[in-house]
Amino acid sequence: MPNTAAPLDLLLLPTWLVPVEPAGVVLKEHGLGIRDGRIAFIGTRAEALALGAAQVRELPDTLLAPGLVNAHGHAAMTLFRGLADDLPLMTWLEQHIWPAEARWVDEAFVRDGTDLAIAEQIKGGISCFADMYFFPKVASERVHNSGIRAQIAIPILDFPIPGAASVDDSLRQAVELFGELKHHPRIKIAFGPHAPYTVGDENLEKVRVITEELDAAIHMHVHETAFEVQQSLEQRGERPLARLGRLGLLGPRFQAVHMTQVSDDDLALLVESNTSVVHCPESNLKLASGFCPVQRLWQAGVNVAVGTDGAASNNDLDLLGETRTAALLAKAVAGSATALDAHRALRMATLNGARALGLEQEIGSLEVGKAADIVAFDLSGLAQQPIYDPVSQLIYASGRDCVQHLWVGGKPLLEDRRLTRLDEQRLNATARSWGQRIGGHGH
């Protein structure tokens, strides 16, 4: 039992508290107490006030929830936001994004783009994000400085990439960074083989051996399009997921991003291996990549998280908006209005994301003992009235502009909609100057 005798550092008194675990619960007139960066107390308002706290925050018309978990993205690509829109995936990648990356991506690009992404995510209620991009050491430094939580996946491709001359170079960097940050309270290092079509069997085998040894996660784009699956069948005689299964990569530490194509065999493989799926509905819609069958997956027992993908294919890092899209799309795809309800959608954006990243013991729900990663949504606005079910209003009638406060490990990163540790004006100016440089050179 936590020591309830010592005074709390901070007591939050919202109108509604949504712990996410247990599922479907909304607590009214409850308080949440934080001590030493962790949730130390959840109970009625009267009990809370009797405890004594260094600071008490009244949060009227506010819904308190676990910080949102953005389970897939490419943070620094914020600087390519809107650069190549309205194109199919392979055209977008091969003719626009890869050439732009070859020309512009260096350590300064990753530093400034990651800072921009972190600030946008904090303002949108995201307390933890999964990143997969070049110069991961630079990204991890930005995460460290900002106070947010993240999983940084080291990109691995069969050809040279910015910051790594070869696969072995990438793997060496990954192992080194993993060792350096093993005990970091907010950063996890994962391995990011880009996709089945950019990494061959031999290199996937290397990834498998190292990740098994380190007990590290694997984060990978899988079955993003029908074309990818078709091409694999023609060239290799098997579906990409089956190939990953044969190579021994799937499992509870594997994060399969996209999965817009799911056959019965694929589903059986996901269930049997206990692999998590990260659903990125808006990027998939924008690139016309297909629809992840969310209801089929969760009904079969697959853990489904939600991610924004990068700002070059979304074009925002708005996980609340993404979750709304996920809920609506799931209904249309399943042909059922009950396919993904508001409470389950919120769980996808919090606890399921934490579970996909192997962080469910630490974050993803408001439970005593967990890290105090908490978001406060202001539901006092005109567009949220009247309120019958606050979770419903959050998912279906609210935007990220209603995010009022965000704490990570009990530390405030957003107070009254203002960033506490990042300089918004400076970030804005830096992003604009990148835009002028990149835009001025044609693309």
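Modeller: Glu58 and Arg45 join their side chains in a salt bridge, with 2.6 Å from N to O; the term stands for a side-chain nitrogen of Lys or Arg within 4 Å of a carboxyl oxygen of Asp or Glu. This pair links distant parts of the chain, 13 residues apart: Glu58 sits in strand S5 (residues 56-66) and Arg45 in helix H1 (residues 45-51). Helices (H or I, at least four residues) and strands (E, at least two) are DSSP runs, numbered from the N terminus. The structure holds 27 salt bridges.

A word on what you are viewing: this is a predicted model, where local features need pLDDT of at least 70 and side-chain atom pairs count only at pLDDT 80 or more, while totals for chains, interfaces and linings use all residues. Residues are numbered from 1 along each chain as its sequence is written, and side-chain values use heavy atoms, leaving out hydrogens and water.

Now to the meeting place. The protein chain splits into domain 1 (8-66 + 372-409) and domain 2 (68-357), with bounds from an automatic or database domain assignment. Their centres, taken over C-alpha atoms, are 29 Å apart. Domain 1 brings 24 residues to the contact and domain 2 brings 30, where contact means heavy atoms within 4.5 Å.

Together the two domains bury about 2100 Å², with 65% of it on carbon and sulfur atoms; buried area is the accessible area (1.4 Å probe) that two parts lose on being put together, summed over both. Ile395, Tyr396 and Arg400 supply 36% of what domain 1 buries against domain 2, more than any other three residues.

Arg400 also pairs its side chain with that of Glu120 in a salt bridge (2.9 Å, N to O). Across the interface of domain 1 and domain 2 there are four salt bridges.

Which elements supply at least two residues each to the side of domain 1 that touches domain 2? They are strand S14 (374-378), helix H15 (390-397) and strand S15 (403-408). H15 gives the largest share of that side, five residues. By class, the side has 15 nonpolar, five polar and four charged residues; here Ala, Val, Leu, Ile, Met, Phe, Trp, Tyr, Cys and Pro count as nonpolar, Asp, Glu, Lys and Arg as charged, and the others, Gly among them, as polar.
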